[in-house]
Structures are given as structure tokens and as C-alpha cells.
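Work through the exercises below with the structure open. Each task is followed by a solution in steps.

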Amino acid sequence: MVKPKCVVALGLPSDMIDTLGDAYDVAAWPESQPMPEAVLKDWLTDAHGLLCALSTPISAALLEHASRLQVISTISVGVDHIDITAATRLGIPVGHTPGVLVDSTADLALGLMLAVTRRMAEADRWIRAGNWAQGWQSDLLLGTDLSQATVGIVGLGAIGQAVIRRLRGFGSNVLAWNRTPRHMDGVQMVELDELFARSDIVSLHTAMTPETTHIADRQRLASMRAGAALINTGRGLLVDEAALIDEVCSGRLNAGLDVFSVEPLRPGHPFLSQENVVLLPHVGSATASTRLAMVGRALENLHAGMAGQALPYCANPEVYPISDS
Ligand code: GLV
């Protein structure tokens, strides 16, 4: 029997690929660098399934060319690298991995808040540069306290809520904004402009959509208090990056960033020379157990789509016809 073809567009452990090979004719990209679009286009010509991740943009043109494709399964919760409108129009379900990366990402957001407010990365660089000549000093690398901070959470989805649960332990005053207002004990819901203007730390946890692009725009960044910090573990394009560069280079704002408008960050990017910005290479979900859970969820989606069944974690459930029963 001819097996359906499945394209794996990223380097994955070989034991995982071997298992997929039992059921499918697998074409797996073997390199660690992203798959070139021309190769992906070629491989998708006769493919039924696609397993991918954030490193592979999936355009409408690619999807229109992939006439047999019946499922896209991404190893990520975000689907902004996929033209989901085109996938939906073409009736291709897109599977993603919500839920399993909530705690890891919330932990990282808290880590960035602490790293920025207590100047941890800067202190580490300072020691390594051989500057620690004097032992304890009363005014060395002074920071600010999370317990005294007002923290504004943009987006009260699962990750935003998990960040708030953690902040309760630190005793922070929490403000929040969500597109549809929600109630959370001890959290004051406010308008976006007020949140930016009143917070010592603003942390972004909203999904990336056309409406949320540059939600942290120049005007909102300019309204933040001098010495305040922007934390972004969501998507780079939630922020007007040019405006943020101006704010951090002037020293008015600090930032803790796991995501950028263009990844990887190019050599010579202005953030790289700023002491007041903590930089991470998009590692919000990067714990061994979370990555395993994400792959597990992505495989569930892939197998369901290959079998012509509804995906358990579908980002565009509107592809399924409404049943009368
Ligand atoms: C990570 O950024 C994800 O969307 O899973």
C-alpha cells in the first residue's frame, strides 16, 4: 500500500522520524538551519501532511501549490508564521500546541522581570569583565523591587493569568488589560493606555494578530514612566521595535525580550550594546519536558489530520463543516 507523504520541515530527533516512517512516507529536512522556501515548495507538491515550527513561514502561495495537503501541524502555540486565512480558505486544518507551554513561558516572563529589575545579566557581564575588585559595596548595581512594583499584564489568556499567579507571590500590584474584560481576584482591569502609563513593568501576553500588531506603539512606550521596563515573551511585532530602540538607547526605559521583529537578531542590532536590555533567543517554551509535550501534541494533530479526523488542538476549527447531528 502506498503511504501518504508527510513533510517534516525541521530537524527532529531521528527516533521520532523513524516512528513517523511506520505510517507515512516521510520527507524530513535534516539541517538545523530553516528549510529554504523553494525546497519546501518542491516537497509539498505531493504531500498530505506537514509538521513544522516557527522557523518555517507558510505563505498562501505555498499552500495553493500544495494541492494534496490535508493537515498542517506546528510545534508551537502561535500560528502567526502560517497564513491561516489561506489555510482556512483551502480547507486545511492547522494544529498547534496550546496549554502545555503556559508554565514554562510564565516562568521565563518572571525571570526576565527579575533579571531586568535586579540587573542580573549586567552584573554577570560586570563580574566576567574583571570589575569586582572591592567585595560588598553599598551602592553596587542597585535595582528595584518586584514587591513594590505595579505590573501591567497585556492579555489575560492562559499565560497572562499564569504570570499573575506568580506575581501574587511577589506581592506586586497588578493591572491588566484584555480585549474582552475578565475578572481575576486582586487584579485591576484598566484600559491599555492607562496600563502603559501607570505600570513600572508592562508584560505582553496577547496573541499576535493584525489587531495586536504594535500594541506597544511609540505613543504608549513614550507614556511609560522613566525607569519602567517592557517585558516581551509573546511576539516581536507586538512592539514598535524602532520606538523601543529609541527608548532604551536614551536610557529612559529598560527591557527584557525573548522575541524580536526579525529573528535571529542581526549582528550590530542596537539592543546588543545596551546594558539595560536583557536578551533571550526565543526560549519561552524551552524546557525539555515542555518541548516533549509540544511535540506530543503536534503529533496527535498530525495523525488526526492524516486520518481525515478533526484535530484535537485546531487553530482554525472553522474549516470543519457544521454537522446537523
Ligand atoms: C512559541 O513562541 C510558540 O508559539 O510556541
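**Exercise 1. A buried serine**

Find what the side chain of Ser-199 reaches, and at what distance.

Solution. The model is a predicted one. Start from the side chain of Ser-199: it comes to 2.7 Å from the backbone oxygen of Leu-195. Next, look for a backbone nitrogen; that of Gly-152 lies 3.3 Å from a polar atom of the Ser-199 side chain. Both distances can be set against the cut-off of 3.5 Å for a polar contact. Then place the residue: Ser-199 sits in the loop between helix H8 (192-198) and strand E9 (201-204). Last, check its cover. The relative accessible area of Ser-199 is 0%, so the residue is buried.

**Exercise 2. Aromatic pairs**

State how many aromatic pairs a search of the whole structure finds, and describe them.

Solution. The search finds two aromatic pairs. In one of them, the ring centres of Trp-29 and Trp-43 are 6.2 Å apart and the planes stand at 65 degrees, so this pair is edge-to-face. Trp-29 belongs to the loop between strand E2 (25-28) and helix H2 (37-44), and Trp-43 to helix H2, so the pair ties together parts 14 residues apart in sequence. Trp-29 has 13% relative accessibility and therefore counts as buried.

Now take Phe-260 and Phe-271: their ring centres are 6.3 Å apart and their planes are at 55 degrees, so the pair is tilted. Phe-260 lies in the loop between strand E11 (254-257) and strand E12 (277-279), and Phe-271 lies in the loop between E11 and E12, so the pair ties together parts 11 residues apart in sequence. Both Phe-260 and Phe-271 are buried; for Phe-271 the relative accessible area is 1%.

**Exercise 3. A cis peptide bond**

Determine which residues a cis peptide bond joins, and where the proline lies.

Solution. The bond joins Glu-263 and Pro-264, with omega about -5 degrees. Pro-264 is placed in the loop between E11 and E12.

**Exercise 4. Positive phi**

Is His-282 buried or partly exposed, and what is its phi?

Solution. His-282 has 22% relative accessibility, so it counts as partly exposed. Its phi is near 50 degrees, a positive value in a residue other than glycine. His-282 is in the loop between E12 and helix H11 (288-306). Repeat the steps for His-214: phi is near 55 degrees, the residue lies in the loop between E9 and helix H9 (218-223), and at 33% relative accessibility His-214 counts as partly exposed.

How values were computed:
Residues are numbered from 1 along each chain as its sequence is written. This is a predicted model: local features need pLDDT of at least 70, side-chain atom pairs count only at pLDDT 80 or more; totals for chains, interfaces and linings use all residues. Side-chain values use heavy atoms; hydrogens and water are left out. Rings of Phe, Tyr and Trp (its six-membered ring) pair if their centres lie within 6.5 Å; planes under 30 degrees apart count as stacked, over 60 as edge-to-face and the rest as tilted. Helices (H or I, at least four residues) and strands (E, at least two) are DSSP runs, numbered from the N terminus. Buried means under 20% relative accessible area, exposed over 50%, partly exposed in between (1.4 Å probe, protein chains only). A polar contact is a pair of N or O atoms within 3.5 Å; within protein, one must be able to donate a hydrogen and the other to accept it, and residues adjacent in sequence count only if both atoms are side-chain atoms.
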